[in-house]
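Thank you all for coming; I would like to take a few minutes to walk through one model with you. Please have the sequence and the structure open as I speak.

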Amino acid sequence: MPDLDSSVILLLPAAARLGRQRLSATSARRLGRGGDLPAGEAGRRAQLLRHFPLRGEGWPIAALSRQAEAGDAEGASWLRADPVWLRPDINGVRLLAHGDALGLTRADCDALLPALRPLFGDAGFILDAPDPARWYLRLPAEARLPVFSDPGDALGEDIFEHLDISPEARRWRTLASEAQVTLHNHPLNARRAARGQSPVNALWFWGGGRLPAATVAHGLTGYSSDDTARALAAAGGRAAGLPERFEAAPGVYDLEGTRDLAWIEREWLVPALEALRAGRIATLGLDDGDGWRWELRRRQALRVWRRPLAWPAT
């Protein structure tokens with residue numbers, strides 16, 4: 001087993017999302033001296049849980065992110081109710097933006113929340129937004145919730161492919177529809193349209209559950225610009241924002257959100273390979289959104305007969 005204290009793991013996008021981009025011959029040759037690790041489950045959630053595991057079942061991201069930014073998640077169930085932009089087209093209704101991508105300000109939240117709070121208050125839930133991109137519903141601790149899709153998994157897709165049609169989800173479909181009506185009629189959206197901004201016309205429920213009693217300590221700092229990844233990393237150890245480039249600190253670096261392979265290679269892979277050669281790190285691991293995994297150790301650098309790494313060829 002590699003020493004986690006001197007390991008670096010790069011979380012990468014699924015190969016198909018990089019299109020026809022390819023690594024340089026030099027990087028592919030150096031990386032090819034490593035070897036495959038057992039494949040993991042595909043998907044963003046599975047990728048994160050491989051490195052920031054949780055105890056128990058479920059996906060309580062709302063409680064974890066709430067605890068990370070407000071510190072008051074104990075004793076209740078939580079559900080994210082993030083602002084989103086939905087747009088109908090000939091094939092359905094698509095999720096086009098959510099969270100930070102909407103560019104909401106605190107003033108925007110202060111305008112929208114009073115119109116929505118009575119709707120959820122009548123159902124016994126408390127709606128608030130400690131950050132304009134992340135809205136929360138506080139629910140009774142014993143609340144039972146259906147399974148919701150993460151907005152990142154549904155981005156650009158027809159939302160009906162991600163809609164829970166079970167009887168247990170009926171209440172939430174009703175609340176979502178009523179919130180859409182309220183937001184559609186809100187004057188803030190007319191002002192946003194006049195400024196050329198996308199509307200905030202729906203809420204996306206996801207990540208429900210209670211704060212886990214304990215999480216699994218993973219030992220490595222998680223670096224990410226994604227609040228979900230940072231919440232998971234903070235729950236199991238340490239979390240930090242993603243730096244501009246790799247600077248030889250051990251950790252798990254979340255690059256899954258990019259589609260620019262040249263940036264991955266220039267700012268991350270090349271510096272990490274140099275750190276490995278110089279002995280500043282002992283292991284470089286790669287993990288993509290398809291579940292493909294690769295590892296290169298310092299002592300493998302002399303395996304010059306190995307074929308160049310083919311990733312991200314699909």
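This is a predicted model: local features need pLDDT of at least 70, side-chain atom pairs count only at pLDDT 80 or more; totals for chains, interfaces and linings use all residues.

**A loop, a sheet and some salt bridges**

Let me begin with aspartate 164, which sits in the loop between α5 and α6, where helices (H or I, at least four residues) and strands (E, at least two) are DSSP runs, numbered from the N terminus. Residues are numbered from 1 along each chain as its sequence is written, and side-chain values use heavy atoms, with hydrogens and water left out.

Is aspartate 164 buried, partly exposed or exposed? Aspartate 164 counts as partly exposed because its relative accessible area is 23%, given that buried means under 20% relative accessible area, exposed over 50%, and partly exposed in between, with a 1.4 Å probe and protein chains only. If we leave aside its neighbours within four places in sequence, aspartate 164 is in contact with Pro146, Val147, Ala169 and Arg173, contact meaning heavy atoms within 4.5 Å.

Together with Phe160 and Leu163, Ile165 makes a nonpolar surface patch of about 340 Å². Patches here are made of residues with over 30% relative accessible area and no salt bridge, like charges being joined within 9 Å and nonpolar side chains (Val, Leu, Ile, Met, Phe, Trp, Tyr) within 5 Å. The accessible areas come from the Shrake-Rupley method with a 1.4 Å probe, and for residues only the protein chains shown count as cover.

Let me turn to the sheet. It is an open sheet of seven strands with mixed pairing, in the order β2-β12-β11-β1-β10-β8-β9, and its edge strands, each pairing on one side only, are β2 (35–36) and β9 (239–240). Two strands are said to pair if DSSP finds at least two bridges between them. Strand β1 runs parallel to β11, joined by six bridges, with leucine 284 of β11 as the bridge partner of valine 8. β1 also runs parallel to β10, through four bridges, and there isoleucine 9 stands opposite valine 252. By contrast, β11 (residues 283–288) and β12 (residues 293–297) pair in the antiparallel sense over five bridges, with threonine 283 standing opposite arginine 297.

How many of the residues of β1 are buried? Six of its six residues are: Ser7, Ile9 and Leu11 point one way from the strand, and Val8, Leu10 and Leu12 point the other way. Helix α9 (residues 261–278) lies across β1 (7–12), β10 (251–254), β11 and β12, and runs at about 150 degrees to β11; axes are lines fitted to C-alpha atoms, for helices over the stretch in contact, and angles run from 0 to 180 degrees between N-to-C directions.

My last topic is charge pairing. If a salt bridge is a side-chain nitrogen of Lys or Arg within 4 Å of a carboxyl oxygen of Asp or Glu, the count comes to 21 salt bridges. One of them joins aspartate 128 and arginine 66, at 2.7 Å from N to O, and this pair links distant parts of the chain, aspartate 128 being in strand β5 (residues 126–131) and arginine 66 in helix α3 (residues 61–70), 62 residues apart. With a relative accessible area of 5%, arginine 66 is buried.

Glu69, Arg80, Asp82, Asp131, Arg134 and Asp227 are linked in a network of salt bridges. Within it, arginine 80 and aspartate 82 have their closest N and O atoms 3.0 Å apart, and both are buried. For aspartate 131 and arginine 134 the closest N and O atoms are 3.4 Å apart; aspartate 131 counts as partly exposed at 21% relative accessibility, whereas arginine 134 counts as buried at 11%. Asp227 is also one of the buried residues of α8, a helix (residues 227–236) with seven of its 10 residues buried.
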